[in-house]
Amino acid sequence: MQWCDQFIRRPVLASALMLLLALLGLQAFYTMPVREYPQLTQTLITVTTSYYGASADLIQGSITAPLEQAIANANNVDYITSKSQPGMSVITVHMLLNSNADAALAEVLSQINSVRSQLPKAAEDPTLERSSSDATSILYLGFTSSALNSSQITDYLQRVIRPQLLAVNGIAKVGIFGGQQYALRVWIDPQKLGALGVTLDQVVAQLQANNYQSATGQWIGYFIRYYSSAETQVRTLEELKALVIAAPQGALVRLQEVAEVTLEQSHDRYRVSANGQEAVIIGLDGEPNANPITVAHEIRQLLPTLERTLLPAINMTLLYDATTAIDAAIAQVIKTLLEASVIVLVVILLFLGRWRAVLIPVITIPLSLLGVLLLMQLCGFSINLLTLLAMVLAIGLVVDDAIVVLENIERHIQAGQSPFRAAVIGTREIALPVITMTVTLAAVYAPIAFIGGLTGALFQEFALTLSGAVLISGLVALTLSPMMCAHLLTLHQPTVFEQQIQQLLQGLAEGYERALQATLAHRPVVLSFALAILLSLPLLAHFIPQELAPAEDRGMVMLIGTAPATANLEFIQQTMQQVNTILKQQPEIAFSQLFSGMPSAHQAFGLGAMTPWSERTTSQKALIARITPLLQSIPGIAITVFQRPELPGSSLGLPLQFVMTTALPFENLHQVAQEFLAKVQENRQFAYSQLDLHYDAATIEMSIDKDKAAAYGVTLQAIGQTLATLVTDGALNRVELDGQSYEVIVQVERQQRLDPSVLQHYFVRAADGRALPLSTLISSRVVGKPRALSHFNQLNAATISVVLAPGLAMGEAIDWFKSTATQQLPQGYRYDFTGEARQFISEGQVLYLAFIMALLVIYLVLAMQFESLRDPLVILVAVPLALSGALIAMAWGAATLNIYSQIGLITLVGLISKHGILMAEVAKTAQLEQGLDRQSAVLLAAKLRLRPIVMTTAAMVAGSIPLLFSTGAGAAARFSIGLVMVAGLSLGTLFTLFILPVIYILLASQHRPLPQFIEE
């Protein structure tokens, strides 16, 4: 190829082009965004509807069911889950990956509005929250005070801090946990009502009629406009206390005579502690398409301003920052990048022996990396963990082409050619193989760029970054490298160091030639050995544990505690104090935050932020193993400790969540679920398991004597409204105080609603005007009901969540659940998975298709190059043989088969193919130009290409070694790829050098010159 001559003849042109590429790459490096993963839009829409006092059955039938049916009509919905619990319906809509978040929110809202009229009038309007589907918030801020209670802190945060945080770009939700908002609580005394002859209906009616928000309009004169307002609403607490609620026989009865009116927390549903102290915690959730690193950076910049605006009595602490692990992982990858560059430099020096020659392939590294940064910028990519990992792998790849060109030109110089002539002749000889190798390796990653799902979204940038780096390295190898060879290489007297290296390489070549001759003399044995390896691959794959992604040390432990269904908030809070004591005793825990009463009323949730990696020697996995038995020994609550999901998009909860669904009643589902749970608990491979459907929640069923009520002239509506008002804590209306709106909540004190015996103090008005105790009309009994009623895609659902025992891979666990479900579940029942298990099922097998597509693409590219359908088969035969090295290492237990190791296997396909191309191209040329037979041609090719093959392999293996010794955040993913590269490439190169020549003799085409057409 003579076009390369221009760059050898014009060194300024070649140098200027490469400098321009470097400059553009530098500007891309300083302007591109930095993220943890490529930009993904994983939208989670939560629809919450409160109906205070309603039972779970009523919530499910009147609120959850109609809303679910409407929401299911929205587009791009992956799946819908819901939980109907007393007083509240929570529907979670999981949108498909990369769906338009704004359009999804608008469509779900539209569907909800279409059925809003079907919901009970007493229920509050559904509220929608849109966020990413990450298991935790980006940051957690803790606020404590020795002078203020949690509700006072919450009120201040709502007024002053929350608006400032919401103004930060990329923040979708500012969740305030711990202290409830203030409300005007009207604590009714039923006995005083009865004594004064005042009914509850009168109190409610007067509160609604005399605390009225009015808009009185404008007065417009001939030349003047007046704005008006009327005091129809209560303005102070004292005004509310003095409100007249009745005037029997002209005697005024004020609200304060029958009730205690206070300004205090509206509800008491959950409590929060930070490092053992009562606290209010703010969790900051990002928009679905927000960059967590950018959001966290802006929040950190805002923190000094927030501290200056805080009251002196309030202390603020940054409890957890999820981007700390991201920053640490990126720093580790950059460190690995530099280490790999230095190691590759040393390896090349050891092979070439002189700095002038080393400079030629080494300059390819920065040029290729800067060039690919420019391509990434043009494609709209970001600098993230996966693109940086691609650059680490590229360090060993990008020097390959330059090494091949350098070695070929050096050979011609040693043969007596001038450097200029050697550069021209050597480049022309090697240009086509270099182009083919470059295109082949780049084509390996093309299928990854086109696969769908989470894996495709994550690894598209990885694949195209690596392909871009390889393409640019090929360009550098055919433009700058020949020019540098022509000006830097000379025929000189070798130094002692060079002589020793040449002797070593010469001895290696002679030993290889003798070994190859012996191998060819025993071809049946070699072929049998190769066949045995091929047949062993499925067996090796069977023994390799599979998971979606390896467990990383993210510097955080998570825990969920489940108490008995009858446990109240005080019991859970006291129990969690013991949890806090244990966490404080661990030197690796920097901050802890515990949420009592979340995510369900009988549960607790906790986060433990660990100290930085540089300040501890204990890993996250070891810490979990240490504290798990300590926490599980706490009586009264079942606690399980787990770690945050590795990949984005996994929901909160235990790693494997098995969902059983049916249209049959919950009673039937409960029986089937209990039987399945028994099977799970018999399996010792599961360290912990729990079922979310239990009939153990104490529920008071009240039966009304309808005949007696009719005889007294009492309506069922009056009875229901009396119970709803006195027992529940629903808001009646609102009052504006100091520019802030507060709910007015009517209820009896806790001492007067401890059990149904207090019904004798609750009164309704009979037809004759008498106050009638409800106990004369109502009888009650306590029965067991479910804590909550769950749906999955509108079907009744029960979920078994499990923690895997050490050594059990996710793939094995899922296979067990599938096979057991096939045998155990009766007709009419279906199953599904959520959490990490759902990701594993949907994404775990995607890369196998990409692997097959990569082989087909390579075959077609090679077929075009060699004008043969048989030569590509020779090259590809070495691929599964090379994979055996990686599979043996993983089957030995060094790593699992996950998406990172699968990416490594695909990379291995291209690298081993490059070695085969080098050898097959020379063999083809020898057949065409020298008339050699296949055996003689492949012997010549093996001898000529031994040095570049060994050099490129050594460079790639050496560049991957830092991945094996990675520590800190993200180390497990880097180790998975590094292990595959080192083990597979080392063994695969041996197979290429010895088995490929045997296969070539057996299968390759006997090349002849193509027919020529002569114009006459």
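This is a predicted model: local features need pLDDT of at least 70, side-chain atom pairs count only at pLDDT 80 or more; totals for chains, interfaces and linings use all residues.
Start with Ser-99: a polar atom of its side chain sits 2.7 Å from the backbone oxygen of Leu-96. Residues are numbered from 1 along each chain as its sequence is written, and side-chain values use heavy atoms, leaving out hydrogens and water.

Ser-99 belongs to the loop between strand E3 (88-95) and helix H4 (101-114). Helices (H or I, at least four residues) and strands (E, at least two) are DSSP runs, numbered from the N terminus.

Now for Gln-747, which you'll find in strand E25 (residues 740-748). Its side chain reaches the backbone oxygen of Thr-728 at 3.4 Å. Setting aside neighbours within four places in sequence, Gln-747 has contacts (heavy atoms within 4.5 Å) that include Trp-187, Asp-729 and Arg-753. Val-362, on the other hand, is 385 residues from Gln-747 in sequence and 78 Å from it in space, C-alpha to C-alpha.

Here are the two residues by burial, where buried means under 20% relative accessible area, exposed over 50% and partly exposed in between (1.4 Å probe, protein chains only).

| Residue | Relative accessible area | Class |
|---|---|---|
| Ser-99 | 8% | buried |
| Gln-747 | 5% | buried |

Next, a pair of helices. The axes of H19 (residues 523-542) and H31 (residues 971-1003) come within 10 Å and cross at roughly 110 degrees. Axes here are lines fitted to C-alpha atoms, for helices over the stretch in contact, with angles from 0 to 180 degrees between N-to-C directions. H19 and H31 are therefore roughly perpendicular to each other, a label for angles of 65 to 115 degrees. Residues making the contact include Phe-529 and Ile-533 of H19 and Phe-991 and Leu-1002 of H31.

Stepping back, the protein has 31 helices and 31 strands. Its C-alpha trace spans about 125 × 75 × 65 Å along the principal axes. Of its 1016 residues, 56% count as buried. Among contacts between residues at least 6 apart in sequence, 80% join residues at least 24 apart.

How values were computed. Angles under 35 degrees count as roughly parallel, over 145 as roughly antiparallel, 65 to 115 as roughly perpendicular and the rest as oblique. A polar contact is a pair of N or O atoms within 3.5 Å; within protein, one must be able to donate a hydrogen and the other to accept it, and residues adjacent in sequence count only if both atoms are side-chain atoms.
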